[in-house]
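Me: Please take a close look at the sheet in this model. Go through how it is put together and what lies against it.

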Amino acid sequence: MYTQEQLIDFLLRAKRATYAGKGAETPAFRPGAHDLLYREEDLLYYDTYLGGDLFAGEEALWIRQIPFWSMNYAGRVTGDDFSGDFLKEALRHGTGAMPYRGPDIFTKDDYTYQCNVRGDFSWFQGYETIAFQGNQIYECYFHGGIIHESI
């Protein structure tokens, strides 16, 4: 049995080892998809997304091959000067209190990432943005939570 804190710690390690950490993709099951996988013992994390500047995807966590937690997301680049590297850096700064995407706020040079979440690990929804020199250039909506309570 895992505590919620242990699962969140695993989730953060998985995110930093895959998309946010510029990890290698695994062969995709669907045409045009981007799939990233991370595993530790009987814990498995999978991130799969479609698109580029316009995108949608899902992150999920399995315990002993049973789906336990999931998050869906959809977003888009809305302006010039978007930096995927800045987004990945912001996502690497997720915390135990904010394990969904990035922190409440992260700033570097002319970029500012902001993330607002309602709920907690078990049931949540959120919205993140990136601004460049004060002008919003990216947005993403996400939601999810625990999908199997009796593990």
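Reply: Two strands are said to pair if DSSP finds at least two bridges between them. The model is a predicted one. In it, strand E6 (residues 111-120) and strand E7 (residues 123-132) run antiparallel and are joined by 10 bridges. One of the residues involved is Gly119, whose bridge partner in E7 is Phe124.

This pair belongs to an open sheet of eight strands with antiparallel pairing, in the order E1-E2-E3-E4-E8-E7-E6-E5. Strand E1 (33-40) and strand E5 (105-108) are the edges; each has a single partner strand, so one side of each is left without a neighbour in the sheet. On average, neighbouring strands of the sheet are turned by 15° against each other, direction ignored.

Two helices come next. Helix H1 (residues 4-17) packs on the sheet and touches E1, strand E2 (43-51), strand E3 (54-63) and strand E4 (66-77). The direction of H1 makes about 45° with that of E2. Helix H2 (residues 84-91) lies across E5, E6, E7 and strand E8 (135-146), and runs at about 40° to E6.

Last, the cysteines. A disulfide requires a pair of cysteine sulfur atoms within 2.5 Å, and by this rule the count is zero. For Cys115, the nearest cysteine sulfur is that of Cys140, 8.7 Å away, and Cys115 is in no disulfide. Cys140 is likewise in no disulfide, its nearest cysteine sulfur being that of Cys115. Cys115 counts as buried because its relative accessibility is 2%, and buried means under 20%. Cys140 is also buried, with a relative accessible area of 0%.

Note on methods: Residues are numbered from 1 along each chain as its sequence is written. This is a predicted model: local features need pLDDT of at least 70, side-chain atom pairs count only at pLDDT 80 or more; totals for chains, interfaces and linings use all residues. Side-chain values use heavy atoms; hydrogens and water are left out. Helices (H or I, at least four residues) and strands (E, at least two) are DSSP runs, numbered from the N terminus. Axes are lines fitted to C-alpha atoms, for helices over the stretch in contact, and angles run from 0 to 180 degrees between N-to-C directions. Contact means heavy atoms within 4.5 Å. Buried means under 20% relative accessible area, exposed over 50%, partly exposed in between (1.4 Å probe, protein chains only).
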